[in-house]
Amino acid sequence: MKGLRLKYRTKEAIVGYLFAAPVIVSVLVFAIYPIFAAFYYSLTDYQPLEARKFMYVVDPYGALELHTGILREEAGNYTLDELLANFDPIQFVQLDLGVNLDDTEKELVKRYFDSASLISDFREGKLPERLKVSEFMKRYMRAYGHKFSKYVPKFVGLQNFEDIFSDKLFYTSFWNAFLYSLVVVPIQTLLAIILAVAANSKIKGVGFFKAVFFLPAITSSAALSMVFMLLYSKPGVINKILVAIFGKFGFQPIDYLNEPSIALFAIMAMNIWSTAGYFMVTFLAGLQDIPSSIYEAAKIDGANKFQMFWKITMPLLRPQIVFVSIMGTIGCMQVFDQIYFLVRNLRNITISYYIYKNAFEYGKMGYASALAVILFAVILILSLIQRKLIKEQY
Amino acid sequence: MSVRPSSWPVIVSYLILIIYTIATFFPFSWAILISLTPITYFDDDGNERGVNIFDWPPKLKLFPKPSAFGASLTLRNYKLIFEVVPLYRRWLLNTVIYAGILTIGNVILNSLGGYAFARLNFPLKNFWFTLFLALMMVPGQVTLIPQYNMLVRFGLINTYAGLFLPKLTSIFGLFMMRQFFLNFPKELEEAARIDGFGILRTYFRIVLPNALPAISALSIYTFLGAWNDFQWPLIIMSSKENYTLTLGLNFFRSSYYTYWQYMMAASIFMTIPMIIIFLSFQKYFVESGKAVAIKG
């Protein structure tokens, strides 16, 4: 009997790992490794173009024809020495194969490149037609061929972080993300609570309102950005309505997205509009859990509606408020899509957009990783504050 | 007619809700209106004229024919976006495939994992669980660059595989399924075991068929997220044939920025499937909203 139980346990462990394996492997490969890699990159000058230089597929015949000025069919007509006399390995690798070499790599090529075997393969027609730079170098370096297989970024220590702290755009983009959270989170939370309280006050058609308020949340931020690009344009409908109402007080149409002092606030307004309804559902669920007897007791004690709201509803909604505001803050600190679509001025960019720009437009992945590490630290601190707040609650 | 004092809060509530309903509908309605407005129209003399969608007032008319800005409304723009950008069909297909694969992958893998973490005992279970919990705090920007470089190394940039491989499981989805299985009546499984069912048979025959609500919620959540995803496809997909609909919108924005009608048609077009899904499975959306609240 004991043996059988043990057997079941072993079986359970095996099945358990089998079931959990895809998630565990995926997390190890696509989350844990990248986190360590990001920290490592942040201490290097990782350059994506350099990283790829050994991966390009090259055509050795074409490159040699270019270098020697001799067609492959005619190469057999020359002796090995004749061909070697006109062969310069560094120039060949750098210009004809098109692989950018740094000083150490040049030195290695100079010393260890096996020109003779390359040229004799060329003469005898034994060169591979197409192959990766890394494979090519492995084949034709007498030693240190592996140095050309994997890109190792230069270690720069804390240089990236030093650069960041004197980078004006870092401060601008970080402050913008912070300001974004600071404005959006409280307003969207309060708005969501107001909507939830309104929907919870014995009215008809709650389902309808809930469905309507969910609409922006299920629409992609890309599509919403396009719609607001139209609404916010200078001849757009928001200006038309505002002019119709306030025109006689001297209101002039505003180019919301091109005006650096206004653009970010315009995007914030759109964000509040698109998420308040979604969070309203969270609060409504919380409100429905508050027993009505509490309100009845308060009524007997002579409390008015406002007192009930501030003294009963708000404190009891605290778990939801903490949750929504922290989720909102984390989301806002990372806002990207709307910024990508709508921001036209570097003064209005946020940190995640600046990270993207550095990594994928400027090709400065080391620097971008350092920025990401800083963002990580800030979000970690915010999450710890969240934990503290929740602990205080219980 | 006098209003009883106790009905004031109800009236104020209705007022707030109706105002916000209008505020929510307005941007959508305007976008729909523009998407239905033709680029050109023929005036009474038979001359073709451009429609100015920035005219004010918009001259909205419902009779005899619905019209705005002096031109009859039409669904033609929705057809035209497929003709103006022949790749649009491809982008739609790409998006369906991306969202579909992600949904299938997430449902299968997260429900397996969720069950393991909820019900089965295996070594280091708590370690993995705590690790996953901690990982939820890591912002996407941190893992983005190394993920990209890894895919470059494997030659998966600008491929479907590169797009969906890193997203086939999600920690959020795992926790969602785990939470469901934790609340699942244990008696059912125990009864199955007494009947001689093994763990695998219990899972596939008894547990999974009863997990439909959680699976639906996870499917919708994943499908929606993938459909609306922008940053990841933006980084991974470089050639136009591989774009998804959100990248397509970005293309419209940069190449057809004066054709607001097309841009609005493309925006509304990609929203319609989500609205249909939302209306058909509304209760699961609300459930996921509640689950989120409980987590806090």
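**Exercise 1.** In which loop of chain B is B:Pro57 found?

*Solution.* The model is predicted: local features need pLDDT of at least 70, side-chain atom pairs count only at pLDDT 80 or more, and totals for chains, interfaces and linings use all residues. Residues are numbered from 1 along each chain as its sequence is written, while chains are lettered from A and ligands numbered from 1 in the order in which they are written. B:Pro57 is found in the loop between strand S2 (48-50) and strand S3 (67-68) of chain B. Strands (E, at least two residues) and helices (H or I, at least four) are DSSP runs, numbered from the N terminus.

**Exercise 2.** Locate the cis peptide bonds of B:Pro57 and B:Pro64.

*Solution.* Step 1: the bond from B:Trp56 to B:Pro57 is cis, with omega near -5 degrees. Step 2: a cis bond also joins B:Phe63 and B:Pro64, with omega about -5 degrees. Step 3: B:Pro64 lies in the loop between S2 and S3 of chain B.

**Exercise 3.** Decide whether B:Lys59 is buried or exposed, and do likewise for B:Phe69.

*Solution.* Step 1: take the cut-offs, with C-beta atoms placed from the backbone: buried if 20 or more other C-beta atoms lie within 10 Å of the residue's own, exposed if 12 or fewer, partly exposed in between. Step 2: B:Lys59, in the loop between S2 and S3 of chain B, has a positive phi of about 50 degrees although it is not a glycine. B:Lys59 has 11 C-beta neighbours inside 10 Å, so it counts as exposed. Step 3: B:Phe69, not a glycine either, has a positive phi of about 55 degrees. B:Phe69 has 20 C-beta neighbours inside 10 Å and therefore counts as buried.
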